[in-house]
Amino acid sequence: MELSNILTSLQLFKNLDEIELDEVKNYLSDIKVYKNKSTVFNVGDYINYFGILLKGQVELEMDDAFGNKTILSKLSAPALFAESILIKNVGEIPLSVVTTMDTEIIFFDYNSFSSENLKSKEKVKDNLIKILAGKNLFMRDKLNLLTLPTSRAKILYFLSTEARKSHSKYFTIDFNITELAQFLNLNRSSLSRELSKLKKEGLIDYHNKTFRIL
């Protein structure tokens with residue numbers, strides 16, 4: 001697909017005309033291709049651009065001092081990552097970005113772009129604000145989830161949220177069982193045990209990544 005068509009399919013560049021797209025292209029890298037399980041950013045990397053996920057999927061991860069991994073989120077194309085860190089001038093990224101399949105990414109030098117007097121700048125800024133607002137809602141949901149007192153409550157909250165997003169009681173999640181445990185900050189055995197209980201109680205049914213609320 002031609003780059004212009006790819007860009008206009010992204011929320012960040014929504015409603016830009018050809019002249020505005022040409023302006024944006026001057027601040028984009030070449031498309032980078034990453035194999036599955038490749039690290040795009042490591043914790044502590046200094047970044048001066050954010051990523052635009054064109055194809056594939058990445059996980060945003062954090063590891064504690066004891067080697068325990070927590071998955072903050074999993075993003076599927078099209079999506080942005082590291083944009084809030086760059087805009088807040090944090091400098092060093094506090095998480096890792098790792099691919100979960102073969103992935104294509106293009107990097108956007110947003111700071112240089114936003115410092116110029118460009119026709120496209122206000123539209124891109126408005127689109128970015130809408131994207132960040134959506135991510136703030138996601139982080140609110142994640143915070144609500146992590147503060148719940150029991151494994152059961154976390155699982156039910158997560159499944160209810162996924163059903164709401166899918167507008168259906170039958171839905172597929174992005175995580176396998178290990179990844180879901182890392183996302184919910186639970187022990188894998190505890191998660192498996194609690195899911196089995198919920199299934200036996202007739203509250204849910206599931207197979208692999210597909211769930212149904214009964």
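These legends go with close-up views of a predicted model.

View 1. Averaged over the chain, pLDDT comes to 89, and 97% of the residues score at least 70.

**View 2. Helix H6 and what it packs against.** H6 covers residues 151-166, so to speak a run of 16 residues. From first C-alpha to last it reaches 23 Å, close to the 22 Å expected at 1.5 Å a residue. Look for the buried residues Lys154, Ile155, Phe158, Leu159, Thr161, Glu162 and Ala163. The helices that H6's buried residues pack against are H5 (121-146), H7 (177-184) and H8 (188-200). They also pack against strands S9 (170-172), S10 (204-207) and S11 (210-213). Just past the end of H6 comes histidine 167, with a positive phi of about 55°.

**View 3. An open sheet of 4 strands.** Reading across, the order is S1-S8-S3-S6, and the pairing is antiparallel. S1 and S6 (79-81) are the edge strands, each pairing on one side only. From one strand to the next, the twist averages 35°.

**View 4. Zooming in on S1 and S8.** Strand S8 (residues 103-108) pairs with S1 in the antiparallel sense, over 3 bridges. To pick out one of the partners, find tyrosine 34: its bridge partner in S8 is threonine 103. In general, strands of a sheet pair through backbone hydrogen bonds.

Conventions: Residues numbered from 1 in each chain as written. Predicted model: local features only at pLDDT ≥ 70, side-chain atom pairs only at ≥ 80, totals over all residues. Heavy atoms only, no water. Helix = DSSP H or I, 4+ residues; strand = E, 2+ residues; numbered from the N terminus. Expected span 1.5 Å × (residues − 1). Buried < 20%, exposed > 50% of the residue type's maximum accessible area, 1.4 Å probe, protein only. Contact = heavy atoms within 4.5 Å. pLDDT = per-residue confidence, 0-100. Pairing = 2+ DSSP bridges. Axes fitted to C-alpha atoms, helices over the stretch in contact; angles between N-to-C directions.
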